[in-house]
Amino acid sequence: MSKSKRRRRPAQATSRTVGLPSPTTMTSESSATSEKSSKRERHWRLPLMLGALAILVVVGVAWGLPSYWMLQAERAIESGRFDDAAWYFERADQWQWRSAKASLGQARVARFTGEPARARALLSLADSRGATPQQTALERKLLTIQGGGGPAIVDELPRMLVEMPEHGGEILEAFSRGFESVGMPDQAKVYVDSWIDAAPGDARALLHKAELLATLGEMEEAELYFHRALERDPTIARARHGLARLSLELNKNEQALALYDEIIAADPGDLDSRLLRCSCLFDLRRTDEAIEGLRAVLEIDEFNFAARHSLASNFAEQGKHDQVIELIGPLMKDFPHDVSLNYLLATAHTELGNVALADEHMQRHLDGRAQLDELGRLKKRLRQHQTDGRAMLELATGYLKYQWDESETWLVKAINALPNSPQAYRAMAEFQSKKGDVRRAKEYAKAAEIVSR
């Protein structure tokens with residue numbers, strides 16, 4: 001009987017079968033591959049998500065932060081906190097896409113704080129940063145009015161108030177200051193009174209009337225309005241400054257001293273107030289405290305002209321001639337022709353027997369006095385031609401050389417009369433540099449560069 005042949009089963013694929021993986025292995029490998037792929041996907045997806053988030057954060061900050069600064073600046077202007085407004089606009093100015101509006105805002109602050117020359121410089125900067133003529137038109141018009149152009153266009157006032165009611169206070173203020181600047185204070189009072197009637201609670205209106213009354217010599221009423229302004233808004237630093245200065249003029253030195261203590265406590269870097277506080281102390285015969293205060297100023301600003309000059313004058317009275325020379329010497333590089341400095345040095349060297357140096361400084365003093373006499377004659381002639389910008393600039397640069405602290409008024413007038421003169425802006429930059437205000441010096445230098453183009 002023949003044996004039946006057994007059918008041979010095909011061999012099962014095993015892990016040892018070459019080239020033929022098992023279904024289990026295939027599933028396992030597929031799962032591992034998928035897991036590795038998922039890990040790789042997560043690996044590159046996370047940085048992308050973080051990068052996108054970072055971009056969103058940067059864009060949000062770049063958009064939101066400068067907008068926040070601008071909003072805070074506008075709110076500060078509304079409440080008359082101009083120092084705060086200036087600070088906020090400076091922060092916004094750091095973002096290029098906001099720089100034109102920030103410069104325009106800074107120009108508004110400069111106009112409000114009685115710095116028309118700086119306002120014009122900042123408007124030139126805003127122009128260079130892309131501000132349109134429509135954006136700067138109102139500011140330039142208000143500056144023209146405030147600079148003395150008001151009487152010529154006073155007929156436009158009703159129309160301006162109707163067309164721009166939201167700027168009513170600014171318009172009335174500009175006309176008031178404009179009439180004041182051309183020697184018409186009674187007419188200036190008309191406009192500030194209209195402003196107060198329209199906004200009885202406006203602390204800035206009350207402050208402006210106080211300043212105008214002080215200019216007119218109506219000191220008691222001016223003091224009343226300064227107090228009213230501070231009662232309405234205690235945060236208005238300018239009102240406190242004005243009241244302190246008025247107190248000095250009225251010989252209310254104790255009151256002035258208390259006010260300057262408050263001002264300096266709020267702003268320790270306010271050197272002008274520190275210097276005026278020292279004047280109070282000298283008037284009160286508290287000489288040692290005054291000298292200590294002047295030395296404190298020099299710790300903040302080593303070459304502060306007013307502090308060194310005041311200390312030197314005091315030491316000259318005490319016969320401390322070596323200390324006079326020590327204080328004044330470092331200033332001569334920047335003020336070689338200043339009549340007062342040369343007189344102090346001439347006197348000190350005379351007392352010490354330094355004849356040659358005494359003669360040199362006395363000659364500079366006499367030459368400077370002769371130039372100041374000539375500038376005085378020019379000033380008298382100028383009163384007949386108030387709009388002679390070139391004569392104003394000549395006066396400004398002359399005073400800048402021989403009696404620099406008398407030049408600011410004429411520099412402001414020169415810039416108002418010659419808003420496109422690079423020479424006027426350069427002269428103001430030099431004045432600010434001598435004053436020690438580096439930031440403003442740079443602003444005016446930049447304005448000179450822009451209007452030269």
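Me: Helices are DSSP runs of H or I with at least four residues, and strands are runs of E with at least two, numbered from the N terminus. Which helices each supply at least two residues of the lining of the second largest pocket?

Reply: The model is predicted, so local features need pLDDT of at least 70 and side-chain atom pairs 80 or more, while totals for chains, interfaces and linings use all residues. Residues are numbered from 1 along each chain as its sequence is written, and side-chain values use heavy atoms, without hydrogens and water. A pocket is an open set of points on a 1 Å grid where a 1.4 Å probe fits, with protein on both sides within 12 Å along at least five of seven lines; lining residues have an atom within 4 Å of a point. Here α1 (23-78), α3 (99-112), α7 (168-181), α8 (185-198) and α9 (203-215) each give at least two lining residues. The largest share, 4 residues, belongs to α7.

Me: What volume does the second largest pocket have, and which lining residues are closest to its centre?

Reply: Its volume, the space filled by probe spheres set on the points, is about 400 Å³. Among 22 lining residues, Glu 166, Gly 169, Glu 170, Asp 202 and Arg 204 are closest to the centre.

Me: How many aromatic pairs are counted?

Reply: Rings of Phe, Tyr and Trp (its six-membered ring) pair if their centres lie within 6.5 Å; planes under 30 degrees apart are stacked, over 60 edge-to-face, and the rest tilted. The count is 11. Trp 69 and Tyr 88 are stacked, at 6.0 Å centre to centre and 25° between the planes. Because Trp 69 lies in α1 and Tyr 88 in α2 (residues 82-92), this pair ties together parts 19 residues apart in sequence.
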